[in-house]
Amino acid sequence: MSVNQQAHTGPPYGQPQPGYQGFQQPAYGGQSLPGAPQSQYGAYNGPVPGYQQPVPPQGYFPSLGFPSKGSPVSLNSDTSLAPNFIGSLRAPPTSGAPPPASGASHPSGHVAYSQFEHGDVQNGIPASAAPMQRPPASQPFLPGSAPTPVSQISTFQQYGPPPGSVQQLRNHMAGMTIGSTAASAPPPAGLGYASVPPVSGSVSAAGSGLYTPYSASQGAPPPSVSQPLPVAQPPFPGQTMPTQRLPAQLPGFTPPPPSTGVGPSSYPPTTGAPRPPAMPGPPLPGQTLAGPPSSQPNHVSSPPPPSTMAGLHPGPPMSGLHGPPPPTHPPQPGYQMQQNGSFGQMRGPQPNYGGAYPGAPNYGSPPGPPPPPKRLDPDSIPSPIQVIEDDRNNRGSEPFVTGVRGQVPPLVTTNFLVKDQGNASPRYIRCTSYNIPCTSDMAKQSQVPLAAVIKPLATLPPEETLPYLVDHGESGPVRCNRCKAYMCPFMQFIEGGRRFQCCFCSCVTEVPPHYFQHLDHTGKRVDFYDRPELSLGSYEFLATVDYCKNNKFPSPPAFIFMIDVSYNAVKSGLVRLICEELKSLLDYLPREGNMEESAIRVGFVTYNKVLHFYNVKSSLAQPQMMVVSDVADMFVPLLDGFLVNVNESRTVIASLLDQIPEMFADTRETETVFAPVIQAGLEALKAAECAGKLFIFHTSLPIAEAPGKLKNRDDRKLINTDKEKTLFQPQTSFYNNLAKDCVAQGCCVDLFLFPNQYLDVATLGVVPYQTGGSIYKYAYFQLETDQYRFLNDLRRDVQKEVGFDAVMRVRTSTGIRATDFFGAFYMSNTTDVEMAGLDCDKTITVEFKHDDKLSEDSGALLQCALLYTSCAGQRRLRIHNLSLNCCTQLADLYRNCETDTLINYLAKYAYRGVLSSPVKTVRDALINQCAQILACYRKNCASPSSAGQLILPECMKLLPVYLNCVLKSDVLQPGPEVTTDDRAYIRQLVTSMDVAETNVFFYPRLLPLTKADVDSDSLPAAIRNSEERLSKGDIYLLENGLNIFVWVGVNVQQSLIQNLFGVSSFSQISNALSTLPVLENPFSKKVRSVVDMLQGQRSRYMKLIIVKQEDKLEMLFKHFLVEDKSLSGGASYVDFLCHMHKEIRQLLS
Ligand SMILES: [Zn+2]
C-alpha cells in the first residue's frame, strides 16, 4: 500500500494527540477546513476568526503615544537617526565570544545544516530516481564494511577497551582496602594490579602495591606473579565469561596473624564471628600510611612493580602502624584452589580486629594521645581523573564506528570522532547500559535503570557529517503499517524486496512501488549504501503536509523580544544594553542552509505593569507604540507590522531600539506583570499562525495585579521539612495551563532573569521549562561585571539551532517500551514528548521497562523520531536509531554500563523526586538504589569474597563518588548560601542537561594552571577535587559548566601574579574581576586560551570568579571541591564510600 494513504499512515505519531485537540480557546475550536483530511492537528484548522478584524477591547489604546492616549504617533520625529544605524553595527555578535568548538551557534552552523552541500559525502550515487538529495560521492560506506545490524551475530560484543578491573574495596574491620579484579577478559599474566596503592584501611595504608595482607591475615600469601589467577565461578549456569579476580592492591593494613581459623577457604566469611562495627568506625591508631602519591591507584592496566606481588613489604615502611609486623608466610599450596578472591580481605570477622579500635589491646597502641582519625587513603579509591585519562588514552585516537550493536561509546570526556554506520552517534543518544537484561526480573534484580539520554538536535563537530535529508516526495517517509516506525537500517526486506518486516513490531508491510529495489545475494537492497535510511543511524526525512498542523505547511517561525522596562531594569542599564545588542544581533538570526537571510520574523514588546507593543512595519517612518493596560485579558492590538522581516524594517527597528531606553529612562514603575507577557507573545504567534520563541528579559517577582500574579513565599525554614518540596513547586497552576497553551501553538519561551531578590524561579520557570525553552539567571546583575556573560548567552541563545513545534516519540522493539521521560517538555499523553521548541543543547531522558522477554539474538532497538519545524519553516522528521544487546547474564549488563549516563539519569530522577517527596527521602532512595545495584553485582557477578570487601564493577567504579556529588548538590543538600531560586534554577537546568554537562556539573574539572605548558594547545592534566590536592604555590582553575573559578594560592610567585593579573602582589589581586586582564605574556595568553577553550565547550557562558586562598570567597570555591566534606554536611568521598559499603553489606547479609 502507499504510505501516503492517510487512513493507514494515520497521524505521524500513530495516536491522537490530545494536546492539540484539547485546545480551549474559542477561536480555536477545532473547526476543520471543509474537505481537509482529518489529522492530529485538526484542532488547528482554519484561520483564526478572532484575529481577522481585531476589535479593540476595553483597555486597549490604539497606538498610544507613550504614555498618552491617542492615535498612532511617532515616538521620535528625528527620522534621520534611523537609516544608518544598523550600518554602524559592532562586529558580529560571535566575535565577542569564542565560538563553541563545535561551531554550534554561529551562523555557519546553519549553512552546514544543508547536508547535501557537504563535500563530505558518505554514500554512493542515488540509485533511485526519487529526488533524494544525496551527494554522488562515496566515502566511508564500502560495501561490506558496515555490518548491517540485522545480520549481526547477536552474541558478538565489542568492548572498547580491554575489560578492566573490578575495583574492590575491602573492609578490614572498620577499615577498607581496595582490590581489583578483572571483570571479563583474562588479565595479563600475573598482573597483580598492585599499582593501585594500598588503601589505608581503617588501620593503615601500606606501601605501594603491598600485597601482604592476605598472607598476613590468612597465613597464605598471594600467588606469585606468574601463577594463574583464581577464576571465579560463573554466577549463572552457562556463563561463558568467568570473572577473574586479580590480586589487587591490598590493604595497607597488615593485620595480626590469623588466629581464628579464617582461612582462604572460609568463604563465606565465618559467620558468627564478631563483626567489626560498620564503617565509618572509630579512629585507628597510627594509620597514616599511604602509597606514594605518584602511584595511579585506579590505573588498572598498569602492571604493578613485581615486588609488590611478593607478599613482602617493598612499599613505604610501615611506620605508624601499631599492629604486629605483617607475617610473611610462604605461599601455601592450595591457595590457587580457593577461588574466592579473598585476597586479604578475610579478616573482617577476626576477633583480633577488635584491636583496631581505640583501646583495643591487640594493637598495642601506646596509651596517650588519641589516635588520628582513621581514613581511607584517597589515592587508593577510584579516581575520576584516572578513569577519564585512561579512557582518553584508550579510546581517543580511534573513531567510534557505530556499525556494531551494543557498543559502549567512549566517555563524554574523551575527544573522539564518530562514524555513523547504522547506529546513532553517542552525541545523539547515550544509554545507561548497552546490554540490557532479557527479562524484567533480571532488570529488577540489578536495579540498574535502563535509560537513554537523547539529544535529538545535538551539534556535531565540523569533522562529522550532519544527518542527511531524505525527500521521498509526496508519499513521505516509508513506515511500518502497524507501529508506524520509520524506515531504518534494521528493517528486513523479504520476498525479493517487495515487502519488509518491521524490526520493532514484526509486522510485514508492502514496499511502495516507488521505493522498490532488488535485493542482492545477501538479502540486502542493492541501494543499501545510497540511502541514508537504510545504512545510517541518523537521518532526516522531509515531512509531507500530513505531518503539519492543520494540514498546512507551517510559516517560518517568529522571535519576539519582550523587555522588562521597570525601574530596576532601566536603572541597571539592562534595557539599554539589550536594545544595543539587538541592533546587531538581529542580523544573526538562524538561517537555513545557504539562505541569504533568515526567514524568522521579529517583534518587540516592552512591559512593566502594562504592555507596549510596537509597530515596526517597514513603511513607517517611525515605530509606533500601542499600550495594553488591561492585562487581565491579553490580546495583541496589532497584527500588521508587529512581526516583521529584519531587513525590510531595518531602519524602523533601529529607531525603536534607540528610543526604548530613552522612553523609559525616567520610569518610576517598579512593579511588573509576567503571565500577560507570555500570553501576549502567545497571542501574537497565534494571530500570525506560526510557531516561535519569546525572549523575555525579566527582573522581579510579578506582584502587579494581573493573571499569574505572585507573592513572595520564600521560606528557608522549610528546608529539611516535609514541606520543602513546595519550594520547588509553582505557587499557582496558572502557569501550567499557560504552558500547555504555548506548547499547542509552538510558542517556546526563553527567560532571562536579573533578580535582586527572590522572584520565584520555580513558578516563573514553568512555562520556559514545559515549552522546551531555557532559563538564564544573573543574580544582582551589574552591567560592568555581568554584561559580557549575559550578552554571550543571549547571542548563543538567539543563534542556536532550534526546531519548533516539535513532537518526539521513541519506539522500541517488542519487549521493552519507554515508560518515563525527563526533560523540558510537555506531555499530553503517555508517549509523545511535545516541545514548543527544542534546541541543540536540550536532552530528553527516556526510561525503558520490560513488558516482555527480550532475546539475545535480536537484541533491542530504539527509534527516536522527532517531528519539528526548521528555522525556515520546513517540516522535518529527524530519526535516530540505536541497537542494543540483550543478555541473560547479569555480568554482561554490568560490563556494558556507562556510569556518566547513569548519573545523568539518577540526578534527573532525584531532581524530579523533590517535587513530591521530602529531600531526605529522595537522597535515601538514591543511596538505596545504588547500593542495590552494587550489591547485586557483588552477589551475582563478582567472584566470591569476604563480605568485608567492597567490590565495584569496573564500569561503575565511579558510581559512589559521582553519586555522592549528586547527593550533596545544592538541590538535595543546600548550603546556607544557596537561595531557593538557585535551587529551583539548578533543578530545571539539570533536567535538560546532556551527559557531558552533568558530568562536569557534578564533578567539576580542576586544572592546575601553573602546570600548564604555555607552548602547547593542550589543557593541563586535571586533578581531583579535593583541597589537599591544592598547593599554595599554584594557581588552579575549576569549572562546572556554570562557573569558572581561578584560585590563587597564597605562596604563588610574584612573577606569576604579575603575568596573570598585572598586579605586583597577591594582596592586590582584585576578586571583583569578571575577566582576566589581557596581558602580553605567555602565561596570560595560555590561561586565557584555556578559559576560552572551556567557555567554547559549554552551552552557557560561565561566570569567572577569582578566589584568593584564605579569602572569604574561598568558602564558595570549596563548595565545589566535591571529594571533601561539604559545609552543608555532605560527606567526603572517603566517608561516603564507607557508607555505601555499609549499605551494600547490609543488603548482602
Ligand atoms: Zn512495526
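What follows is a chat about a predicted model, covering its zinc site, its nonpolar cores and one of its helices.

Reader: Which protein donors hold the zinc ion here?

Author: In this predicted model, the donors of the zinc ion are the SG atoms of Cys-480, Cys-483, Cys-502 and Cys-505, which lie 2.2 to 2.3 Å from the ion.

Reader: And what geometry does the site of the zinc ion have?

Author: The site is tetrahedral, with angles of 100 to 115 degrees among the 4 donor atoms. For comparison, the ideal angle for four tetrahedral donors is 109.5 degrees.

Reader: Is Cys-505 buried or exposed?

Author: Cys-505 counts as buried, because its relative accessibility is 14%, and the cut-off for buried is under 20%.

Reader: New topic: which residues touch the most other members in the largest nonpolar core?

Author: Those are Leu-611, Phe-613, Ile-696, Tyr-894 and Leu-972, in a core of 116 residues. Helix α19 (residues 919-940) gives this core its largest share, 11 residues.

Reader: Last one, what covers the buried residues of α6?

Author: The cover includes β4 (400-401) and α20 (959-967), and among the buried residues of α6 are Ile-385, Val-387 and Ile-388. At the start of α6, a side-chain oxygen of Ser-383 comes within 3.2 Å of the backbone nitrogen of Ile-385.

Note on methods
Residues are numbered from 1 along each chain as its sequence is written. This is a predicted model: local features need pLDDT of at least 70, side-chain atom pairs count only at pLDDT 80 or more; totals for chains, interfaces and linings use all residues. Side-chain values use heavy atoms; hydrogens and water are left out. Donors are N, O and S atoms within 2.8 Å of the metal (3.2 Å for Na, K and Ca); water is not among the atoms, so sites may look incomplete. Four donors count as tetrahedral if all angles lie between 85 and 135 degrees; four count as square planar and six as octahedral if opposite donors are over 155 degrees apart and all others between 65 and 115; anything else is irregular. Buried means under 20% relative accessible area, exposed over 50%, partly exposed in between (1.4 Å probe, protein chains only). A nonpolar core is a set of buried Ala, Val, Leu, Ile, Met, Phe, Trp, Tyr and Cys residues joined through side-chain atoms within 4.5 Å. Helices (H or I, at least four residues) and strands (E, at least two) are DSSP runs, numbered from the N terminus. Contact means heavy atoms within 4.5 Å. A polar contact is a pair of N or O atoms within 3.5 Å; within protein, one must be able to donate a hydrogen and the other to accept it, and residues adjacent in sequence count only if both atoms are side-chain atoms.
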